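I opened a new model today.

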Amino acid sequence: MRLNRWLEAAVFASCLAVSCAYTTLAQRPHLYSKHEPIRLDFDMETIKKPATYETGYLYDFTNNTFFKPFQNGFGIARQTREAYNVNTLDEVPDSSWFTNRNGVRTMSVEEIKRGPNETDGPALGPLTVVKGKSNGITPGFQVKDSRGDIYLLKFDPVGYLEMSSGAEAISTRLFYAIGYHVPQNTIFRFRRDQLKLDPKATFTDGLGQKRQLTEADVDAILKLAASYPNGEYRALASKFLKGKPVGNFTFAGTREDDPNDIIPHEHRRDLRGLRLFSAWLNHNDIRNGNNLDMFVKEDGREFIRHYLIDFGSTLGSDTAFPNGNDVGFAHQVDFKEAGKSLITFGLYQPHWRSDENRVQFTSVGNFDSDKFKPQQWKSNFPIEAFQNMTDRDAYWAAKIISSFSNQQIRAAVETGELSDPKAAEYLIQQLVKRRDAIVREYISRRSGLDEVQLQQVTNGWIVNFNDLKMQFARNDDETMYEYQVSDAETPNRILASGKVDDTQLTFSTVLLQQMAACGNTEANRGVAQLKIKRTGEKKEMLAWLFYDQSRNELRLVGQLN
Amino acid sequence: MITRLRKTPVILCALLCWLAMTTQAQSSAPIEVKPEPISQENQQEQKKTTQDSETKKTDPQRQRIVDPATMPKPDPKTNKPPGSTLDRGITRFENSKALEKLKVYFSHPIVHPRFGGIGDGSGFGLGVEFTNNVSKSPNLKLSALLHGTFRRYLLTSAGISVDPTRGGRERFQLDFTGRYQLRPREQFYGLGPDSLRSNRSNYNLQERGFNFASVFKPTKSLRLGAGLDFSSTRIFDGTDNRFAKTPKLFPALPGIARGASLLSPQIFIEFDQRNDKGNTTKGVYANLMASSNDSVGKDDFGFVNLKLDARGYLPLGTPRRVLAARLIGNFNNEKGGSHIPFFRLARLGDAQTLRGYRPFRFYGRNALAANLEYRFELIPGIGALAFTDVGQVFDRRAQLSAQGLHATWGGGVEFKSKKSTMFRILVGKSGEGTRLIFGFGQTF
């Protein structure tokens, strides 16, 4: 009787194991394709003009802080899947959301400095004030320059000259170089007598009431703006984007009136990975309200292009004042942190709750790298796409961040036009240290073996790869790599294996002939799987190589780190 | 039956296997990452409806990274589409600038809205206060207040403050205030520490009076004052019909039949070294007030009253953890054979003293109470606290004993702004039950 029970239990367990394994296998994704990897996700077909959809701070705050976590069961049973919009090389293709820039091609210092700029900012000469606003965190104007371009002028808070404008100019360049669509933001200096009032100019006060703009309103707004001792004002001139604004994009779901928008935003790698970019640049105020969808017309097609806007609350700036010590460490209402304090009766007091003044330069604000832990960084409130970030998403983002050299970072910081060279140098150091912290944390979560390149030689092909982990660790220790080449369809059929002390493998003609015989269908014929790992480590890089015997050509058709 | 039951897991396993295999068989449309581009074979199979769609499918530059057919449909429960009711509602509210307007009203130089009750048991109320803060003379301040609650409590007052030294109300100040208040549901359980809970009754107190005070501030933390108060109080049946009427249940109480008119010269001394009155984390505070009260007219009321309020705040390593303690004393001494009107006796059992008891649960000639609070920050803007209160009313000092002390304990949360505690929710527990307390500002 007892034996029967054990037998039943064993049958049950083995059936369950087989079932689980089989189910897992069934969900295994397509990892390679003999076709060229998709480099452009064409989500730019002509659509009808969508409705304008805007959310304000209150909605973003309540929805993300209270409603969403509640809907999602406070993340207890969160099932994170990998992102949809990746190609067979595990990269994000270009789209209306993202354009690969520094991650695939090293941008020159000039390109970094230029960023998205089409002009050098407002043209010299008189500026016509066409609109004023006293609502929002920072007051400002809309001005038209002599070329007819319209700019929004945003000012630094009194006492913190250069802080928010500098942060916005610098972050704009970096977000652009990362690959996001951003507006043209430039530092602009002017004098009061340059401003002329358009007789039709309107002013919206703090209560949303619209009326005619007066000289007194202009003076009142300028009174709230920091200025140089010589009376010159400094502003961030944000050029109006081309197209028609149709509201904000969200970090979850899709836009119903945009047929191009089919991938749920929380499963877009470019939005999940944005968490890491935001952590690097301390973009704590990332939310729907700081995104903008523009209905644009390009190449005869009308579609939505998605922009990140308003970087005034990045780096050390919280727009109207320097970052509080808790910025980046806790959400504005952080249930997890509150729970820790409650359970410990207040004994839990993390360093970021200190009242210590950490502002070293007023033009930089509170921007620190010593206490920065990228995996713990938090935006002002939870963002669903950020919470879905997997190690593969993070690896993708970290790889892009690692592509920024110190010179490129310096070039971006120079666009902030900080008067104090020490402040600029401090900022550069913090950005470099934060970059290194991110790369250390997230590159090492995967194999870090990447950037496979193929080169034909007389006796076969050479496969080069890069060891990002060792490269970034600047470790000169000799590292050994183990590799294994097998049939892609039948990984047990090993074609070659061994150890090398260099990031280079030679595929001899004999091996290539063996590869040509791999596979059993047209889709996998000639495809071999290459596994590489550091000796003594478990994490490995998988690459799929296709040998086209007729052309004697070896191609990379899939990769997974 | 037993055999059939034992077979169930095996059948289940087989079913699972079959399901898994079926899934494998049906998984031609990958739901995971890295879908392949549309193969040429599949493209041939697809129907070519229009020339345009044909162009899109065959043009490798115009393909999508995912097959739209494999994309999950948005779940309306977890994935609210733009323009949902909630979304629109909150956005409309925000666009209406209601919060900004409220902020403007709150910071209005003349009109100030007031929220909350008028003392314990009065319930939630609203009020409006007028001041002449915009006046060009900083040494003259006029004020008026009208505050009512949903339990029909009412407080009105009007006053004038003068600083004859024109020092901007810093050193010397003369205040004159007239007041009128209705308190229709004041609770009374009897006299002494052993009053019965079952004797709950209520009375209606109506008071009009004025107060003249002169305040001198010799140092930043010391205030000395002297003044004269007049009050005329009448007592009627309470309006809460669920309970007995105090005049009927306790007809012999001093002052219950005709009320009392009292003239009270008073002096006080106040020492305040708190770092922040709204969100105190460090320092001490003490207030000692003495008054001599005599009836005006035929009644024989006469007593001396002494009130003490001493507080200390100790940060425990950080201002985010504070131990706060308070001692409150209220002592009355009859003059000769005179009496004390019952509504001027010392009381315990409100949201300030014994927080687990009902408002004004204990009346006595004297009262002594102590509060201890441990306050700590949960997150910036929200704090929690744990507290315990002890106190006793007594006629003679000999009656004061550890055994006679009433104790309460509890905890709660406080919502704070940078300047003050805006709102608190406390739960207090005592031998007579549990009380939920909502209040504005910190307890002390």
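My entries follow below.

I noted first that this is a predicted model, where local features need pLDDT of at least 70, side-chain atom pairs count only at pLDDT 80 or more, and totals for chains, interfaces and linings use all residues. Residues are numbered from 1 along each chain as its sequence is written, while chains are lettered from A and ligands numbered from 1 in the order in which they are written.

**Domains of chain A.** I found domain 1 at 31-445 and domain 2 at 449-560; such bounds come from an automatic or database domain assignment. Their centres, taken over C-alpha atoms, are 40 Å apart. Each domain gives 13 residues to the contact (C-beta atoms, placed from the backbone, within 7 Å). On the side of domain 1 that touches domain 2, α12(A) gives the largest share, 3 residues. Helices are DSSP runs of H or I with at least four residues, strands are runs of E with at least two, and both are numbered from the N terminus.

**A sheet in chain A.** Which order do the strands of the open sheet take? I read β11-β12-β15, paired antiparallel. Two strands pair if DSSP finds at least two bridges between them. β11 and β15 of chain A are at the edges with a single partner strand each, so one side of each has no neighbour in the sheet. I found 7 bridges between β11(A) and β12(A). A:L454 sits opposite A:V463 of β12(A).

**Chain B.** I listed 6 helices and 19 strands here.

Technical notes
Two residues are in contact if their C-beta atoms, placed from the backbone, lie within 7 Å.
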